[in-house]
Amino acid sequence: MKISQSLSKIKKILLLVGSLVLLMILGACNEENSKPPEFKKQYYEGKSDNWYVKMESEADSERTYTISYIGEENKPLNFKFEIYESSFNTESGDGELKNQEEFEINKKCSGACDALPESLPIEIQWGGKKEKVVIRNRE
């Protein structure tokens, strides 16, 4: 009887130890899979006849767009822009080149910004003119 009781206790201990080891392995696997993917810096750029636009993102919660006039006529002092990041997310506003060669748009997202497609259309209006610039991912 004593031998069978000892074997029963050993089986229970081995079962308990095996269960703990299995839980630790499953916990480690779950922790590894639950980590968000590592953020990769992003760089987009493109130009049209009169405009050059680039977007740089060093962190997943912010983006910086830079708009420059590259046309042959005098640079406009003011312009309007619309950045179509997705069908439901458009950044728009007024830009000024009065005392500078480039206009910067700093976008901060609450949490991580939405993923961007491979290319983004941007519409710029100035002096009664309108032009579309498509910036593309340049990884």
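**Close-up views of a predicted model**

**View 1. A disulfide joins Cys109 to Cys113, with the sulfur atoms 1.9 Å apart.** The model shown in every view is predicted. This disulfide is the one that the structure holds. The angle about the S-S bond is 95°, and the link of Cys109 and Cys113 is right-handed. Cys109 is buried. Cys113 is buried as well. A disulfide is a covalent bond between the sulfur atoms of two cysteines.

**View 2. The protein chain has one helix and eight strands.** From the N terminus on, the order is α-β-β-β-β-β-β-β-β. The protein chain has 139 residues, of which 27% count as buried. Among contacts with a separation of 6 or more, 49% come from residues 24 or more positions apart.

**View 3. Trp51 and Tyr69 form an edge-to-face aromatic pair.** The structure holds seven aromatic pairs. In this one the ring centres lie 5.1 Å apart, and the planes stand at 75°, so the pair counts as edge-to-face. Trp51 lies in strand β2 (residues 51–59) and Tyr69 in strand β3 (residues 62–69), so the pair ties together parts that are 18 residues apart in sequence. Trp51 and Tyr69 are both buried.

**View 4. Phe81 and Phe103 form a tilted aromatic pair.** The distance is 6.1 Å centre to centre, with 45° between the planes. Phe81 belongs to strand β4 (residues 78–86) and Phe103 to strand β6 (residues 102–108). The pair links distant parts of the chain, 22 residues apart. Phe81 is buried, as is Phe103. Ring pairs also join up into a cluster: Trp51, Tyr69, Phe79, Phe81, Phe103 and Trp126.

**View 5. Arg63 is buried and forms a salt bridge with Glu85.** The closest N and O atoms of Glu85 and Arg63 are 3.1 Å apart. Glu85 sits in strand β4 and Arg63 in strand β3, 22 residues apart. Both Glu85 and Arg63 are buried. For Arg63 the relative accessibility is 4%. The side chains of Arg63 and Glu85 also make a polar contact, at 3.1 Å. Leaving aside neighbours within four places in sequence, Arg63 is in contact with residues including Gln42, Met55, Ile105, Cys113 and Leu116. Arg63, Glu85, Glu91 and Lys107 are linked in a network of salt bridges.

**View 6. Lys108 and Glu62 meet in a salt bridge through their side chains.** The count of salt bridges comes to nine. For Lys108 and Glu62, the N to O distance is 3.4 Å. This pair links distant parts of the chain: Lys108 in strand β6 and Glu62 in strand β3, 46 residues apart. Lys108 is exposed, with a relative accessible area of 63%. Glu62 is partly exposed, at 33%.

**View 7. Asp94 forms a salt bridge with Lys80.** The closest N and O atoms are 2.9 Å apart. Asp94 lies in strand β5 (residues 89–96) and Lys80 in strand β4, so the pair ties together parts that are 14 residues apart in sequence. Asp94 counts as exposed, at 52% relative accessibility. Lys80 is partly exposed, with a relative accessible area of 47%. Side chains of opposite charge can pair when their charged atoms come close.

Conventions
Residues numbered from 1 in each chain as written. Predicted model: local features only at pLDDT ≥ 70, side-chain atom pairs only at ≥ 80, totals over all residues. Heavy atoms only, no water. Phe/Tyr/Trp six-rings, centres within 6.5 Å; stacked < 30°, edge-to-face > 60°. Helix = DSSP H or I, 4+ residues; strand = E, 2+ residues; numbered from the N terminus. Buried < 20%, exposed > 50% of the residue type's maximum accessible area, 1.4 Å probe, protein only. Disulfide = S-S within 2.5 Å. Polar contact = N/O pair within 3.5 Å; in protein donor to acceptor, adjacent residues only side chain to side chain. Contact = heavy atoms within 4.5 Å. Salt bridge = Lys/Arg side-chain N within 4 Å of Asp/Glu carboxyl O.
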